[in-house]
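The following paragraphs walk through a few residues of the model shown here.

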There are 2 protein chains.
Amino acid sequence: MSITVVGSVAFDTLKTPSGVREKIVGGAATFFSLSASFFTDVRVVAVVGEDFTAEHESILTKRGVDTRGIEHSKGLTFHWGGEYGDNLNEAKTKFTDLNVFENFQPKVPREYLDSKFVFLANIQPTLQLMVREQFKDAKLVGGDTMNLWINIAKPELLETLARVDVLLINDTEAKMLAGDSSLPRAAKKVMDMGPSTLVIKHGEYGATIFFKDGHHPFRAPTLPLDVVQDPTGAGDSFAGGFMGYIASQPELTKQVLKKAMFYGGVMGSFAIERFGTERLQELTKQEIDERFNLFRSLTHLD
Amino acid sequence: MSITVVGSVAFDTLKTPSGVREKIVGGAATFFSLSASFFTDVRVVAVVGEDFTAEHESILTKRGVDTRGIEHSKGLTFHWGGEYGDNLNEAKTKFTDLNVFENFQPKVPREYLDSKFVFLANIQPTLQLMVREQFKDAKLVGGDTMNLWINIAKPELLETLARVDVLLINDTEAKMLAGDSSLPRAAKKVMDMGPSTLVIKHGEYGATIFFKDGHHPFRAPTLPLDVVQDPTGAGDSFAGGFMGYIASQPELTKQVLKKAMFYGGVMGSFAIERFGTERLQELTKQEIDERFNLFRSLTHLD
């Protein structure tokens, strides 16, 4: 079944130990959409500027992503500049030119509203909530957030979290949101804010899914890879694989959620192998299946 | 088959968010021995002072550990004082009174020399090598080390590593030893120094085993636990479960090493539930089996 994602479609200018790229297509909704497109139909809600050409958009449309919800606005596209040192786990932001993204008012095309799966990528929580409330019949709503909103928009974020089923955040965000330095305790506190399911991403150590109903947690790995060219988009690609796989399944069981964790890790591990969306653009379903099996043998005793 | 461990038997004075303990029995060889004793016969080589009483030693002998290799020397026992803040992953050392440990010259009882399994806990690398060379028929030699020796005794450490089969270290140590900030690359470089097998411990994220022969790595989890009273000895308890399980098996296969990774994680997770060796002293085989199964369901899709 189709999934609608709202978030940023942007340009990234990147420097990593593997090289540099100027103004390549990035953004949370882009990585999410490409990643999820290997599993299900994807619809995207975003805003871009006049410098975002048909060629740029073709990165999404070539993968069958429905881009009718991408608004073309007067001005320039959101542009982020970042640099990674030898420790690829942390980006140093060089500039953040919000441009048309600064006044982003998500407009969900009427044709999208029958999506049963929705993903609220990392944007201002009030906008996330606005979008979420338009999907009356949503079966599962996923969401992301970041330190910035935890710091400057906590009340709005809490309102949004009350309406999110699965929250996907990293260790630092979970601990900050809960105000607790113990991960399992933080997980419980975050679920008390709304989400019945919480995915905490541990970077190169994989990710853990926690369930409010008392079911034991489940951990999926990432692959210890030799070459990481560019970590940008790993988390959004994880979310795309996770949500995309779920949306492709007839039922929403714990087993589906666990397998979705593996697919999330698989898609994140591909994204970082090359710059920006380069690897996701040329990926095949067979490569995904092979890496899924590799991840299984990396963690399973039999 | 029996395993001989050489390392510290010591006193710890600890402060954690859960409480304080004055001069309780600790030390790498202690945690290792107790943990391994649930799987196989354990023999320990260490030195203690006059303040180390029969009652202290009974913590080991009650679990059947052979303590004939514990030398009772004139003076005081090695005593470490440490404090953990809310972030339980890092200890702040308050004092390190080496005492009799300063001039430790390991004396391996002749009766120990038929041990086919040997573990060189974290002591000066030259001493590790001295002990290792006495076990001519060793089937598997495991070892640990720390930042201190990487910094001040690298040449000696490299000599020792050339004679170690399985090295167990944490992320920071692996990266420092290899001089490489990428974990998979660091793993390869460390194995080039000697060990055919490398276990890198990731704290609360579990541990990964790497093989020099090209077999894919394998990752075992730790349990996201609510209550961690005292992280001291987690790594040594991991090593004890890992090496102890291996020593208990008739053959040394990849499958055995993978299961050993799970038992390592299991034993480490018990150790931190209470202060010092308290939890390991009262542990049962049934609890170990139950947690093994929990760890399996925490990571296995089926």
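A polar contact is a pair of N or O atoms within 3.5 Å; within protein, one atom must be able to donate a hydrogen and the other to accept it, and residues adjacent in sequence count only if both atoms are side-chain atoms. This is a predicted model, in which local features need pLDDT of at least 70 and side-chain atom pairs count only at pLDDT 80 or more, while totals for chains, interfaces and linings use all residues. Residues are numbered from 1 along each chain as its sequence is written, chains are lettered from A and ligands numbered from 1 in the order in which they are written, and side-chain values use heavy atoms, with hydrogens and water left out.

Such a polar contact joins the side chains of B:Arg291 and B:Ser269, at 2.9 Å. B:Arg291 belongs to helix α11 (residues 285-299) of chain B; helices (H or I, at least four residues) and strands (E, at least two) are DSSP runs, numbered from the N terminus. Beyond its neighbours within four places in sequence, B:Arg291 is in contact with B:Leu223, B:Leu225, B:Val266, B:Ser269, B:Phe270 and B:Glu273, where contact means heavy atoms within 4.5 Å. B:Arg291 counts as buried because its relative accessibility is 12%; buried means under 20% relative accessible area, exposed over 50%, and partly exposed in between (1.4 Å probe, protein chains only).

A:Lys23, in strand β3 (residues 19-26) of chain A, is not a glycine, yet has a positive phi of about 50°. Its relative accessibility is 35%, so A:Lys23 counts as partly exposed.

In chain B, B:Asn99 sits in the loop between β7 (91-97) and β8 (117-120). B:Asn99 has a positive phi of about 50° and is not a glycine. With a relative accessibility of 31%, B:Asn99 counts as partly exposed.
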